[in-house]
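Here's a quick tour for you. Have a look at the model first, then we'll go through a pocket and a sheet.

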Amino acid sequence: METLLEAALRLGRGETSSQELVRASLDRVAEREEELHAFLTLLPESAIEEAQASDRRRAAGQAMSVFDGIPWSAKDNLLTEGVRTTAASRILGDYLPPYSATAVGRIEAQGAVLLGKTNLDEFAMGSSTEYSAFGPSRNPVDPTRVPGGSSGGSAVAVAAGMCHFALGSETGGSVRQPAAFCGVVGVKPSYGRVSRYGLIAFASSLDQIGTLTRDVRDAAALLGVIAGGDPMDQTASTAPAQDYLAAAREGGKGLTFGVPPEYLGEGVAPEVRAEVERAAGLLERHGLTRRDVSLPHTPYALDAYYIIAPAEASSNLARFDGMRYGPRADAQDLAEAYRRSRGQGFGPEVKRRILLGTYVLSAGYYDTYYLQAQRLRTLLRDEFLQAFRDVDVLLTPTTPTTAFRLGENTQDPLAMYMADTLTIPANLAGLPAISVPGRPVGGLPVGLQLMAAPLREDLMFRVAATLEEVAAR
Amino acid sequence: MSGFETVIGLEVHIELQTESKMFCSCPNRFGDPANTNICPVCLGLPGALPRPNAAGIDAAIRMALALGCQVAKRSKFDRKNYFYPDLPKGYQISQLDEPIGADGRVEVPGGGTVRVLRVQLEEDAGKLQHESHGAVVDFNRAGVPLLEIVSAPDLRSPQEARAYWEEIRRIALALGISDARMEEGSVRADANISLRPVGAEELNPRVEIKNMNSFRFLERALAYEAERQAEVYRQGGRVDQETRGWDDPRGVTFSQRSKEEAEDYRYFPEPDLLPFAIDPSHVAELRQSLPELPGDRRQRLARLGLAEEQVRLIAESSARTAYFDGAMAAGADVDSVAKWICGDLARYENDGRFDFAHPAFPAAELGALVQSVAQGELTGPAAKKVLSLLAERGGTVADAVRQLGLGRIDDLDAVRAEVRAVLSLEQKAVADLRAGKKQAMGFLVGQVMRRTRGRVAPDVASRLIVEEVGE
């Protein structure tokens, strides 16, 4: 399938037009959307209008960038001014944001054409997109299987050819895991690399906007656009963005990578493990040095995550109370208004996490849970930083298994949580990480994950480009 | 309350007078139409993030310094979680364990030394208003920076609690960090009160009275509550830890929430804001910039020999003290300046005819007026008239004197003519004076003053009357 940079090239040469790209996208949507349910909101009219405007700009020699006229989609927890944004929850009703997320605004400033808002697990809480209040998305490779989540709709849209690129968001693997399941490239930048302003918060200290693209270079180009400081987000790093595209073009030759054994242990399917070992061998053959490192605290990451993330979520989601926006339930008194509005508005998984988070923050439990989890988080981060003194990147599987079937894990929250065990550590430590497709196993995509030190997206992209080149063959 | 000692601690909240709110750039302004100074951040819209206002942090540091606190080298914000319709995010950004200032003290005028446990920075909530059709919220106040100043339980009477609160307010005013308008709710206090047998060390369960917005309410509520608790103990009962409200019209406190119903605020570090370092050199600069504080003002004025009441009155506000200093700088004497300020000018201020902060005429003119009197150029009564005109229209003493035609009549013959005219009209008083009635002299001098509209020095008038009557 055509990448974003290839489409840009054809646009530049006058071989196609934005209208043609958008119409082709809409045709794909018409063919497959009913089955796959990638979108919560589609914007065919405004997309065509924007495409026409883009074509006029280009004809006048005023194309804004390589992104000008390229169709894209945004996960529906990213605010888009005047365009319904739901976070796949009933509690927001038909919420129309009065402003756009910083990342969305930066892409719009490049002239890209927003095709629609994509499906997700409610408030990005889930790993399969089955927890969307508006019904699940399906994996385009095998529609009996989940696309992963929570950025499932974005991964589906990119994988199924409905748009050239998409934004997703991560808290514990929500971009990389669906990228792995759907066979596309997913990037979670370093914490703070992209402004979170306008991203509906799940867990503030873990959330990060990420990219879903058809190849590594597209991801590099896209991150270059959205990365960088933002006065609206104090946690956004003011370090200037690197030239990620140049890094991807350079490749990983001469760099060092490690394969931590903790990421290949129990729970990781043998064929996934084999694929990682195969990829490691290929990297070595293509000029990289392998030096294995151990990350012994890895097994505790999931525990720490399921304390910190729900704790922050319980507070972040308190604002959804039916008082200022979203539907308000009829009630006799204030307490009932809260109970009913929130009781009716949130789905079961969101409630589970709010309860969990409320519990771990309560008086008497804070030290035992939250503080302890934060200590673990510090240990994990230190352990990673230590490892990155020896290696430039770490190579691991993105997920323990390939895409599971719809309904397989919905009755067992713990099994669902396990889908994120290999991606969560990067969120806890704030590392940049990428999932690159390996060679499919049993006809299903497999994701190979690379992690690098904070703000070393350049190293990540260099190795990812090589990995992509050699591994998928 | 014999046999019991009253133990009170106060949490004083002061809204800071910054240009913009604490975590967004909305104007921090009282009195605008409801919900006009709002944005996604202070409304708690999805996706919005706070960003700290450095001016708010500086104001907190200055308050901490003024209260003799240790200023933290590193500080951070925390979330205090609870649901209420005036709280847009479902949590308040506050400070839990790393407040900006800690371990300070305040000398309470007419009271003891009170320890200040902490000075912390937080955001105010919106304003809930109950109307006939239900409740509405004005979010203009949401996100306004708020200082919380927590005292140790060192206050021993409702009067001392009030004096402490007033002193905190004066300090905030002196620093210029707040307009501290009671009637606008920009200063509020929660009080904790318990009783214990005189001599006991341990504290008994305390009652919290929340959200007091007037000094008088506080004093009354605490006095009532102390008496109520004393009565409970006298009856052999137990005082439960609880939150009580103050019903001013009825003059009673009433139970609002028991300890068991108390909220669990589930504090945790605010992940949207970075912990911040406070540079000691910046703190040193802010310390340098501190103005003279009310306590120092009082000491300095007392050293000048002013009466206690004069000290209290002049030191009450920076503006009065500055005016006093301005008049002194013009070379006037202490006693006279103090008398004018505490007398006529204070009265004018009460009547709304004069404002020390924005005086109609500069302090130097008060100095000039005092000197004119001292040098006999103006009589006391004439000076009062001059002052009144200055307060009304501004300008200089010289202009006012000219305008009022109040220049002293220096020509002795002219004065003598006026005296003779009075004496010829007041035969009875003259006779009384001759008969040795001293009061008659006062009357006659008064008549001369009246005739000349105060332009004659009383001692001169008196001397000439003696001469004329004697002849």
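Which residues lie nearest the centre of the second largest pocket? They are Ser205(A), Gln374(A), Arg377(A), Pro271(B) and Pro275(B), out of 38 lining residues. Bear in mind that this is a predicted model, where local features need pLDDT of at least 70, side-chain atom pairs count only at pLDDT 80 or more, and totals for chains, interfaces and linings use all residues. Residues are numbered from 1 along each chain as its sequence is written, chains are lettered from A and ligands numbered from 1 in the order in which they are written, and side-chain values use heavy atoms, leaving out hydrogens and water.

**The pocket**
- A pocket here is an open set of points on a 1 Å grid over the protein atoms alone, where a 1.4 Å probe fits, with protein on both sides within 12 Å along at least five of seven lines; lining residues have an atom within 4 Å of a point.
- Helix α13(A) gives the largest share of the lining, six residues; helices (H or I, at least four residues) and strands (E, at least two) are DSSP runs, numbered from the N terminus.

**The sheet in chain B**
- Nine strands form an open sheet with mixed pairing, in the order β2-β6-β7-β10-β1-β11-β12-β13-β14; two strands pair if DSSP finds at least two bridges between them.
- At the edges sit β2 (70-71) and β14 (252-258) of chain B, each pairing on one side only.
- β1 (4-15) and β10 (145-151) of chain B run antiparallel, joined by five bridges.
- Val12(B) stands opposite Ile149(B) in β10(B).
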